[in-house]
Amino acid sequence: MGPGLLLLFIVGDILGTGIYALTGRVANEVGGAVWLPFVLAFVVAVITAFSYLELVTKYPQAAGAALYTHKAFGIHFLTYMVTFTVMASGITSASTAARAFSANFVEAFDLDFGEGIGITALGLTFMLVVALINLRGVGESVKTNIVLTCVELSGLLIIILIGMWALGIGEGDFSRVLEVDTGDRSVFGAVVAGTALAFFAMVGFEDSVNMAEECKNPIRIFPRVLLLGLGITGLIYVLVSITAIALVPAVELGTGDTPLLKVVEAGAPAFPVGIFAFITMFAVANTALINMLMASRLVYGIAREGVLPAALGRVHPTRRTPYVAIVFTTLLAFGLITFVGEVPELGGTTALLLLIVFAIVNLTVLVLRRRPIDHPHFRTPTVLPVLGAASCIFLVSPLVDRPVAQYRIAAVLLGLGAVLWLITWFLAKRRGGHGPTIDPEHLVEK
């Protein structure tokens with residue numbers, strides 16, 4: 001991969017469900033200054049990206065956070081839990097996408113499903129279709145990613161162009177972008193809470209480290225391309241959020257799961273809303289498929305390492321897909337869609353899980369500084385991983401007024417991971433073997 005393809009891959013990985021589904025929910029936290037949490041989330045993401053840049057240029061193997069954690073600490077259980085946390089974040093992200101897909105499907109076909117069982121049934125059906133595609137062994141290729149990125153990007157560019165049109169003809173109220181409405185909370189508390197939620201829109205860049213081995217001269221081109229990709233997506237998100245709040249008041253924008261559809265309806269009534277709904281559906285469907293592919297393959301890889309029950313490592317005799325792992329991750333998604341359902345809780349849990357991983361990644365940079373390597377690599381200023389770890393830990397903590405439900409969802413998912421580890425450990429001991437160990441470099445073998 002050259003810099004052009006790598007840039008499209010990174011932008012495509014970051015764009016998706018977050019901005020399409022959560023813009024209104026962020027507006028509920030801060031009012032008109034909806035762009036501010038996206039800017040702060042961008043800053044935290046960039047700081048953490050610098051840590052990833054040092055690590056990926058030191059260890060350009062496609063294993064990401066699990067590899068860095070294992071090299072830094074050498075604790076198999078910690079390496080496993082980091083891997084399981086990444087897997088769980090994929091499932092919560094895909095479940096968020098399923099809910100957003102359902103809401104936009106209802107709008108596209110003008111269905112009267114309301115907020116009850118109809119939306120849930122659509123979400124479950126959507127996730128079942130994703131599982132069936134997964135079972136057929138459909139994987140992501142760079143060329144496919146280019147097409148998907150262009151479709152996702154087109155929807156956001158439509159919003160930006162609508163905002164420019166409204167500004168040019170004097171419509172909309174762009175003074176709202178400076179209004180902060182936090183209700184009974186302090187401005188600081190509301191902005192931090194909005195940032196914790198908006199961070200979901202910035203995740204995805206960490207997946208690009210898995211493409212390091214595919215790059216031409218990654219040590220030279222990877223840092224500038226990753227930072228450029230983050231900059232492009234950050235700018236798009238700010239422009240989209242400013243347009244959204246200028247055309248739709250915060251109270252209205254924060255109602256329901258289709259905020260950008262409301263922007264299209266308000267700014268360009270003649271534009272076919274159904275077409276934009278389909279673009280949104282396509283964008284979030286891509287997010288769901290990529291995340292479920294990743295989650296099922298991680299479960300399969302962990303089981304193949306002997307760290308999870310062996311049944312999860314079985315493959316279909318003809319399709320050669322990890323069908324048991326696919327069923328397992330799909331059932332987890334079904335549970336989240338059925339018993340949680342709400343986009344803010346699922347999206348917030350995704351951000352929570354990945355912030356935990358990012359905090360660990362920032363710490364591994366400092367630990368691995370004691371182990372020099374014999375080839376040149378990117379070196380981030382020491383203050384950045386310190387700030388990155390501190391900011392990620394802060395955003396994980398209850399100090400950001402994160403809803404308790406998100407902690408409960410994360411605890412259930414990670415508790416399940418710990419229980420599966422213990423079951424495997426107990427069975428191994430009964431057979432007279434050693435406890436489970438994990439080699440993160442084997443998780444990504446093709």
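This is a predicted model: local features need pLDDT of at least 70, side-chain atom pairs count only at pLDDT 80 or more; totals for chains, interfaces and linings use all residues.

Residues are numbered from 1 along each chain as its sequence is written, and side-chain values use heavy atoms, with hydrogens and water left out.

**Salt bridges**
- With a salt bridge taken as a side-chain nitrogen of Lys or Arg within 4 Å of a carboxyl oxygen of Asp or Glu, the count comes to 4.
- Glu54 and Arg369 pair through their side chains at 2.7 Å, N to O, and they link distant parts of the chain, 315 residues apart, with Glu54 in helix H3 and Arg369 in the loop between helix H14 and helix H15.
- Both Glu54 and Arg369 are buried, where buried means under 20% relative accessible area, exposed over 50%, and partly exposed in between (1.4 Å probe, protein chains only).
- Arg185 bridges to Asp401, with the closest N and O atoms 2.8 Å apart, and Glu29 is linked with Arg185 and Asp401 in a network of salt bridges.
- Arg185 counts as partly exposed because its relative accessibility is 28%, and Asp401 is likewise partly exposed because its relative accessible area is 44%.

**A buried lysine**
- Lys262, in helix H11, is buried yet has no salt bridge, and the nearest side chain of opposite charge, Glu252, is 5.9 Å away.

**Surface**
- Val419, Ile423, Trp425, Phe426 and Leu427 form a nonpolar surface patch, a patch being made of residues with over 30% relative accessible area and no salt bridge, with like charges joined within 9 Å and nonpolar side chains (Val, Leu, Ile, Met, Phe, Trp, Tyr) within 5 Å.

Key. Helices (H or I, at least four residues) and strands (E, at least two) are DSSP runs, numbered from the N terminus. Lys and Arg count as positive and Asp and Glu as negative; His and the chain ends are not counted. Accessible areas come from the Shrake-Rupley method with a 1.4 Å probe; for residues, only the protein chains shown count as cover.
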